[in-house]
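Welcome, and please open the structure in your viewer. We will go from stop to stop, selecting a few residues each time.

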Amino acid sequence: MVAKNNSKAKFTVPGMPLKDGHKVGALLQNRLHALNDLQLTLKHAHWNVVGRDFIGVHEMLDPQIELVRTMIDETAERMATLGVAPNGLCGAMVQARSWEDYPVGRADTAEHLSALDAVYDGLISSHREAISTAGELDPITEDMLIGHAAKLELFQWFMRAHLENNTGTLRHEVKPASPTGSDTAK
């Protein structure tokens with residue numbers, strides 16, 4: 001059974017046209033899906049990373065997950081403030097997303113960090129696009145997204161520090177594992 005509710009209220013924040021509040025809310029729904037997907041992906045990597053540097057990577061991911069969860073809550077609460085009901089359900093996220101599922105199962109640290117670097121590339125790029133759109137409509141939302149992007153960029157740098165060599169080149173030569181962790185994907 002699908003829960004029935006009105007996804008948009010007949011109000012938004014003072015000083016903002018209702019249609020703009022709803023437009024920003026829709027923009028934030030996409031960010032909410034992206035951030036929910038990120039926190040699940042990070043936890044998946046946390047559980048499935050193995051090999052050299054395991055403990056450093058394993059322990060690096062938990063604080064990232066917690067800060068992303070805070071971003072999720074801030075995003076959902078901003079949506080509600082704007083008069084738009086946030087949808088955090090997995091089915092809605094999967095249906096709405098435009099990106100592929102994380103391709104790595106049980107794998108070594110370099111493979112996970114390379115895959116996570118690609119995840120951050122996409123997420124940060126789309127966050128920056130959202131910042132640009134929000135900047136035209138709502139400086140409060142723009143400011144929130146800028147703060148999120150700054151933390152996401154920092155997280156990506158943490159990952160890249162493990163992948164960077166002394167010439168400043170990132171190692172991305174690893175072959176993704178199949179989702180089950182077996183080596184049957186060639």
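Which side chain meets that of Asp 117 in a salt bridge? Select Asp 117 and Arg 160: their side chains form this contact, at 2.7 Å from N to O. A salt bridge here is a side-chain nitrogen of Lys or Arg within 4 Å of a carboxyl oxygen of Asp or Glu.

Before moving on, note that this is a predicted model, in which local features need pLDDT of at least 70 and side-chain atom pairs pLDDT 80 or more, while totals for chains, interfaces and linings use all residues. Residues are numbered from 1 along each chain as its sequence is written, and side-chain values use heavy atoms, without hydrogens and water.

Now color helix α4 (residues 109-137), which holds Asp 117, and helix α5 (residues 139-163), which holds Arg 160. Helices are DSSP runs of H or I with at least four residues, numbered from the N terminus. Asp 117 is buried at 2% relative accessibility, whereas Arg 160 is partly exposed at 27%. (Buried means under 20% relative accessible area, exposed over 50%, partly exposed in between, with a 1.4 Å probe and protein chains only.)

Next, select Lys 43 and Asp 62, another salt bridge, at 2.9 Å between the closest N and O atoms. Lys 43 sits in helix α1 (residues 18-48) and Asp 62 in helix α2, 19 residues apart.

Finally, just after α2, click Gly 83, which takes a positive phi of about 90°.

Conventions: Helices (H or I, at least four residues) and strands (E, at least two) are DSSP runs, numbered from the N terminus.
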